[in-house]
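Me: I would like to go through this model by question and answer. Please show the sequence and structure before we start.

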Amino acid sequence: MSDERLHMELCGIRMQTPVLTASGTFGFGEEFADFVDLSRLGGVMVKGTTRKPRRGNDGVRITETPMGMLNCIGLENPGVEVFLNETLPRIKKYQMNVIVNISGATVEEYGELAGMLDVDGVAAIELNVSCPNVREGGIVFGTDPKAAAAVVRAAKANTRKPVILKLSPNVTDIVSIAKACEAAGADMLSLINTLMGMEINIETRRPTLGNITGGLSGPCVKPVAVRMVWQVAQAVHIPIIGMGGIHCWQDAVEFFLAGASAVAVGTANFTEPGVTMQICDGLNDYLEKHNIAHIADLIGKVETE
Amino acid sequence: MTLPNLTQKVSIAAEITTQAELAEKVYSLSVRAPEIAATAQPGQFVQLRILEPSFTLRRPVGVAAVDKQRGEVTFIYRAIGRGTAALAALMPGESVGVLGPLGHGFGMGYSHPLLVGGGMGLSPLLYVAAAYAGKADVLMGGKTADELFWTELFAPLGGRTFITTDDGSLGTKGFTTTLLPDLLEAKDASYDAVLVCGPEIMMRGVAKIAAAHGLPCEVSLEKRMGCGLGACLSCSIDTAHGRRKVCKDGPVFPAEEVFL
Ligand SMILES: Cc1cc2nc3c(=O)[nH]c(=O)nc-3n(C[C@H](O)[C@H](O)[C@H](O)COP(=O)(O)OP(=O)(O)OC[C@H]3O[C@@H](n4cnc5c(N)ncnc54)[C@H](O)[C@@H]3O)c2cc1C
Ligand SMILES: Cc1cc2nc3c(=O)[nH]c(=O)nc-3n(C[C@H](O)[C@H](O)[C@H](O)COP(=O)(O)O)c2cc1C
């Protein structure tokens with residue numbers, strides 16, 4: 001099937017389709033090569049990368065919840081140096097847009113990471129200021145407009161790559177943070193990260209997760225994500241990568257209508273590893289059936305009057 | 001560095017050919033999955049998807065048997081929670097999602113391995129015993145005689161069978177670790193490896209005894225999993241070689257690498 005109606009260019013990144021995979025749910029892409037034509041994706045947002053290796057949280061890291069799941073992986077990753085020296089050269093052959101999701105303990109560390117990743121083979125940098133599963137850094141930068149803007153400026157000052165800021169849904173006013181990041185020079189916004197949640201085993205009276213709380217994702221978060229994309233899209237002029245609970249092409253269409261220029265699929269990759277290809281096919285069919293020349297014609301076209 | 005995985009993984013909706021209750025809450029499920037039957041190695045597993053929207057995560061189960069001619073794969077599982085209960089309610093003719101084969105299985109190059117299993121850990125050992133075609137003996141442990149429907153499943157696979165039960169209602173009274181030293185020290189014993197699958201406490205005990213007898217020991221670990229492909233890091237563990245993923249680098253590991 002031709003993807004002509006789906007081609008997209010965002011901040012100079014040429015995408016075969018506007019369907020990406022969300023950080024932490026798709027490894028480095030290579031793990032899914034048996035199921036997905038990686039070059040057909042708009043990009044692979046690779047696992048959250050930090051300056052030094054991290055071993056993540058102890059105990060149970062994942063559990064299924066009604067229409068979704070909780071995780072508290074805790075940013076386990078081999079560190080940016082291993083990523084640059086081993087992972088990046090290895091995954092080059094897949095010809096996919098590699099978007100590196102980074103997490104710093106300080107504002108300066110975001111700048112340093114962005115600088116180190118300003119290399120061939122990296123398409124863009126995604127700033128994770130919204131991880132609910134680590135103590136230092138992470139979410140504190142994502143819940144305060146000034147701190148989020150400082151992270152954006154630090155990254156922009158150190159790289160020529162497009163910088164995407166990933167917004168946390170664990171805030172009262174997501175729009176003010178989005179605007180602050182746009183003003184600070186963010187090239188794109190992605191949203192949403194996971195919603196902080198918790199499950200208690202009533203027999204043992206203990207939390208299921210080793211880290212007590214975790215991030216909620218999957219179909220149950222989709223209405224929250226669509227609402228946030230819609231609100232943010234009305235307030236900013238930079239492109240939005242929408243995510244949160246997308247499991248099928250119909251879900252993706254909702255995000256485009258709400259104002260996203262591209263979508264990312266996370267948890268659904270666990271349910272069905274080839275789901276992104278089905279979503280691309282479904283979008284093609286939908287556009288053809290409705291005589292819509294291009295997916296861009298859907299962006300922000302929700303009718304609220 | 002781990003070696004590249006040479007087998008192609010597939011994700012299919014597989015037709016259920018048989019679903020039988022072997023004992024209370026223990027089921028044997030066979031599906032038509034020719035691609036997986038052709039390539040699955042003993043000790044590998046699959047991720048089953050119950051094809052209803054309310055299931056977000058798949059459920060990992062070991063491969064208990066393959067029939068290459070008929071293109072069928074069999075799993076044996078205990079219904080312990082929401083997912084496995086839903087699995088048990090499926091009927092022949094219905095479909096279940098099967099993703100696999102996944103992970104790395106047991107070493108198949110030994111000349112006379114002793115397989116040691118307890119509880120549902122005996123399920124993947126059935127496939128190991130079948131593949132060793134009579135060259136492997138099995139030591140199985142259960143709580144009471146009721147659980148030892150397993151003896152009937154192992155009987156046709158050749159090899160000798162040793163049994164322990166916690167209450168002594170069948171075989172030797174005690175645990176597998178009670179009988180294991182006798183088996184390894186018997187005059188005619190010629191075991192060259194111990195391959196274990198069962199509760200972690202049992203595997204640790206067995207690994208210690210195997211090490212004391214200078215025998216290589218492989219153990220199969222269980223961890224909660226998300227993707228099953230090595231991407232989500234839900235099942236990361238510490239090993240002698242740093243962090244490893246049970247779903248991709250395991251589930252089978254040399255005991256000395258994981259029981260530090
Ligand atoms: C590699 C591997 C092979 C396995 N092989 C078998 C087998 O052959 N036969 C068998 O009966 N069982 C096997 N298990 C255990 C089986 O996966 C669990 O019993 C099953 O996932 C429970 O799901 P549930 O929804 O019924 O239970 P719930 O407790 O409701 O499950 C809640 C969540 O926890 C996970 N979970 C719960 N217990 C386990 C566990 N022991 N291991 C991993 N995840 C768990 C579930 O997958 C689910 O995501 C294996 C596990 C692993 C990791
Ligand atoms: C297991 C798991 C690990 C994740 N790891 C990261 C991460 O490292 N960095 C990040 O920015 N987001 C991470 N996320 C959040 C996802 O990228 C995504 O924003 C979120 O899950 C919502 O989308 P979904 O409902 O489609 O999964 C993770 C999510 C899951 C489920």
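Me: How much area do domain 1 of chain B and domain 2 of chain B bury between them?

Reply: This is a predicted model, in which local features need pLDDT of at least 70 and side-chain atom pairs count only at pLDDT 80 or more, while totals for chains, interfaces and linings use all residues. Residues are numbered from 1 along each chain as its sequence is written, chains are lettered from A and ligands numbered from 1 in the order in which they are written, and side-chain values use heavy atoms, with hydrogens and water left out. Chain B is divided into domain 1 (10–102) and domain 2 (113–220), with bounds from an automatic or database domain assignment. Counting buried area as the accessible area (1.4 Å probe) that two parts lose on being put together, summed over both, the two domains have 72% of theirs on carbon and sulfur atoms, and the total is about 1,000 Å².

Me: How far apart do the C-alpha centres of these domains of chain B lie?

Reply: The contact (heavy atoms within 4.5 Å) takes 14 residues from domain 1 of chain B and 10 residues from domain 2 of chain B. Between the C-alpha centres of the two domains the distance is 24 Å.

Me: Which three residues of chain B supply 25% of the area that chain B buries against chain A?

Reply: In the contact between the chains, 28 residues of chain B meet 26 residues of chain A. The area buried there is about 2,500 Å², with 52% given by carbon and sulfur atoms. On the side of chain B, more of the buried area comes from one trio than from any other three residues: B:Thr56, B:Leu57 and B:Arg224.

Me: How are α5(B) and α6(B) oriented to each other, parallel or perpendicular?

Reply: Helices (H or I, at least four residues) and strands (E, at least two) are DSSP runs, numbered from the N terminus. Axes are lines fitted to C-alpha atoms, for helices over the stretch in contact, and angles run from 0 to 180 degrees between N-to-C directions; those of α5 (residues 176–185) and α6 (residues 200–212) of chain B come within 10 Å and cross at roughly 20 degrees. Angles under 35 degrees count as roughly parallel, over 145 as roughly antiparallel, 65 to 115 as roughly perpendicular and the rest as oblique. The orientation of α5(B) and α6(B) is therefore roughly parallel.

Me: How many charged residues are there in the contact of α2(A) with α3(A)?

Reply: The axes of α2 (residues 107–116) and α3 (residues 145–158) of chain A come within 7 Å and cross at roughly 30 degrees. Residues of α2(A) including A:Tyr110 and A:Ala114 meet residues of α3(A), among them A:Val151 and A:Asn158. Ala, Val, Leu, Ile, Met, Phe, Trp, Tyr, Cys and Pro count as nonpolar, Asp, Glu, Lys and Arg as charged, and the others, Gly among them, as polar. By these classes the contact has 7 nonpolar and 3 polar residues, and the charged ones number none.

Me: How many charged residues does the contact of α5(A) with α6(A) have?

Reply: Helix α5 (residues 222–235) and helix α6 (residues 249–258) of chain A pack at about 25 degrees, with their axes 8 Å apart. A:Lys222 is one of the α5(A) residues in the contact, and A:Asp251 and A:Glu254 are among those of α6(A). The contact has 7 nonpolar residues, no polar ones, and charged residues to the number of 3.

Me: What is the omega of the cis peptide bond from B:Gly100 to B:Pro101?

Reply: Most peptide bonds are trans. B:Pro101 lies in strand β7 (residues 95–102) of chain B. The bond that joins B:Gly100 to B:Pro101 is cis, with omega near -5 degrees.

Me: Where is B:Pro251 found?

Reply: A cis peptide bond with omega of about 5 degrees joins B:Gly250 and B:Pro251. B:Pro251 is in chain B, in the loop between β15 (242–245) and β16 (252–254).
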